[in-house]
Amino acid sequence: MAETQIALENSAGICRITCGWKKPELPLDSVRRYWRDVHSPAIARRPGIWEYRHYQFDPVRPLFPAIDDVGQACPADEQLMWLSDVRYFNDQALAEFAANPDPVVRGQLLGDIDLIVDQSTTYKAVGAMAMTLIDDSVLVPPQGPPPAPAFGLFFRSRTPEADFRAALSALAARWAGVAGVLRLRVSMLEAPDVAAERAAGYPIKTHPPERQYQAWIDIALADEAVAEKLPLGGVAEYVGEIHAYPIAANYTSNYAGRPTFVGLRGFPAWDALTAIGGYNQAQPAILEWMYGPVASGVTLEPVGR
């Protein structure tokens, strides 16, 4: 199962990784529910998507012991609140996604950005620059609060891009071999292409360069004490800051090229169904009757290994 999941994730050639924070007047809980139960199911139906995961973050807190010359704190008004990782098999799939639905409907979907978002940055990670190295997660694909401590680690570099990427890739490979590391995916982030985002019709709310990141590691640990075992020697030579965002929840709305049960019916339905075993409501015939052809082939994803 782990090898199958890793191969599935790594078959995506293009990742668009969007992260940001809400408008200050909006309650965080309301924004989280809207993104999970309104925005994500709509996006999950767009053609061309290979996988769509939405991460919700709690405030930054240091995960590692103090590292000389590496910052682990982040001002509260600069911290990310979410990340959406939308993956595509190739350029053709991305073009199909960009062209659908029609401009009127697409504009209404993108209205969520103006409704919710204060600042948000979209990065790309392509090919070998986005790789899952290990995944022994209990639940694949993930839905809801993680069953083990999980973090989004965001890095700011202090060296040229090629040197930073080579050094961080080597570090991630060492981490993946540490006992107690359950999942590790590393994404090397390209600088935002504001012109491309504007051409695609997205409202531009990109963070200034000094607040942008150059890499993201999605990591889950058997327990937080495992972080003390992760080698950090020499990291200050190429990393200026590491911000550890605890993952409050992670929802998968599209998996292997089709919407998930959560992507169709929403997480509250998934949560209620799995809590009492209402699996009759997860049968393909019912899902296709309710949602039409988009539900073809959708089954209830595993609830554990």
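Biologist: How many residues of strand β1 (residues 14-22) are buried?
Modeller: This is a predicted model: local features need pLDDT of at least 70, side-chain atom pairs count only at pLDDT 80 or more, and totals for chains, interfaces and linings use all residues. Residues are numbered from 1 along each chain as its sequence is written, and side-chain values use heavy atoms, leaving out hydrogens and water. Strands are DSSP runs of E, at least two residues, numbered from the N terminus. With buried meaning under 20% relative accessible area (1.4 Å probe, protein chains only), the count for β1 is 9 of 9.

Biologist: In what sense do β1 and strand β4 (residues 117-126) pair?
Modeller: Two strands pair if DSSP finds at least two bridges between them. β1 and β4 have 9 bridges. Their sense is antiparallel.

Biologist: Which residue in β4 is the bridge partner of Ile-17?
Modeller: Take the antiparallel pairing of β1 with β4. There, Ile-17 is bridged to Tyr-123.

Biologist: Which residue in β3 stands opposite Arg-16?
Modeller: β1 also pairs with strand β3 (residues 82-88), antiparallel, over 7 bridges. Opposite Arg-16 stands Val-86.

Biologist: How many disulfides does the structure hold?
Modeller: A disulfide needs a pair of cysteine sulfur atoms within 2.5 Å. For Cys-15, the nearest cysteine sulfur is that of Cys-19, 13 Å away. For Cys-74, the nearest is also that of Cys-19, 12 Å away. The total is 0.

Biologist: What is the relative accessible area of Cys-74?
Modeller: Cys-15 is buried, at 0%. Cys-74 is buried too, and its value is 10%.

Technical notes
Buried < 20%, exposed > 50% of the residue type's maximum accessible area, 1.4 Å probe, protein only. Helix = DSSP H or I, 4+ residues; strand = E, 2+ residues; numbered from the N terminus.
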